[in-house]
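Subject: Structure handover

Dear colleague,

Please find the structure below. My notes on it follow.

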Amino acid sequence: LQHRDLSDLEHQINVRLEKIGIRANYKPRLQAWDIFDTNTRFGLRLLRQKDAIEPWEPTSPLAFFCKWIADLDQKTIIHAGSLSKHGKGALMVGNGGAGKSGTVIGAMKYGFQSSGDDYTLLSKTSNEYRAHAVFRTVKQDLAGLKRLGLPIPQKLNWQNKAVFRPDHVFQQGIVDAVAVHVLLSPSLGADETSFQPIDPVVVFKTLTISTLKQLSGSYAPMFVSCARLIHDLPCFGVHLSSNPEEVAQKLSQFLENLKC
């Protein structure tokens, strides 16, 4: 089968399975299936070989199963990092390389809390959004480690990045959840860190497209959740300097002065 024919076939299979409460994700390169029964919350992974897993699996294990369980609990997994201080929290929204992880890890070094730098479980109560931890590790490239003054491990992941638990480096690790009051879209290369209001549509596009790249599948619930999030919370662009301590200080001041 051609790739397009295979994609169409997979879509048709998923449509039929969803009618009976089954979610599935097929990995053509590995010829592997993740299958989840939403009625019993029982999942199954089918592999041709026991080591036939994606290279990113060790750092985000069983991500699709996490997504499907979140959907059942009326929550959404999105591609964003989080940070919190002064009782106020922010989601860092951006494509790979935008500076999300470096900003989150740097902020943690200077006393911020975070529920993750990459995948975030988003929930909403009657009066507050919260970002919940999905995984307990963070990722950073070698340049970022040097900039943050962190040790370089002997073993790197498939992207040539270090993967580590913050609690092995800082006083505290990933926390279970933080409140979210603002969305920040980072960009690199500024001499001094600054914040400017940004078009919410731009943030919505970035958040939804980057999430779909990370976790394909049913997009409707994720789109609805992201649209509500963008509608309810202010959006700012943050131009980041290369000084982690200065970035953390400016983030701290910004959150302290944020009206919410």
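This is a predicted model: local features need pLDDT of at least 70, side-chain atom pairs count only at pLDDT 80 or more; totals for chains, interfaces and linings use all residues.

In these notes, contact means heavy atoms within 4.5 Å. Residues are numbered from 1 along each chain as its sequence is written, and side-chain values use heavy atoms, with hydrogens and water left out.Leaving aside neighbours within four places in sequence, Leu184 is in contact with Ala90, Leu91, Met92, Val93, Phe195, Phe236, Val238, Leu251 and Phe254.

Leu184 also belongs to the largest nonpolar core, which has 27 residues. Such a core is a set of buried Ala, Val, Leu, Ile, Met, Phe, Trp, Tyr and Cys residues joined through side-chain atoms within 4.5 Å; buried means under 20% relative accessible area with a 1.4 Å probe, protein chains only. Leu83, Val182, Leu184 and Leu255 touch the most other members. Helix 7 (244–257) is one of the elements that supply at least two residues of this core, and its five residues are the largest share. Apart from this core lies another, of 19 residues, among them Leu91, Val175, Val178 and Leu183.

As for the whole protein, there are seven helices and 14 strands (DSSP runs, numbered from the N terminus: H or I of at least four residues, and E of at least two). Buried residues make up 47% of the 260 residues. Among contacts between residues at least 6 apart in sequence, 66% join residues at least 24 apart. The C-alpha atoms fill a box of roughly 50 × 45 × 30 Å along the principal axes.

Regards

Note on methods. Buried means under 20% relative accessible area, exposed over 50%, partly exposed in between (1.4 Å probe, protein chains only).
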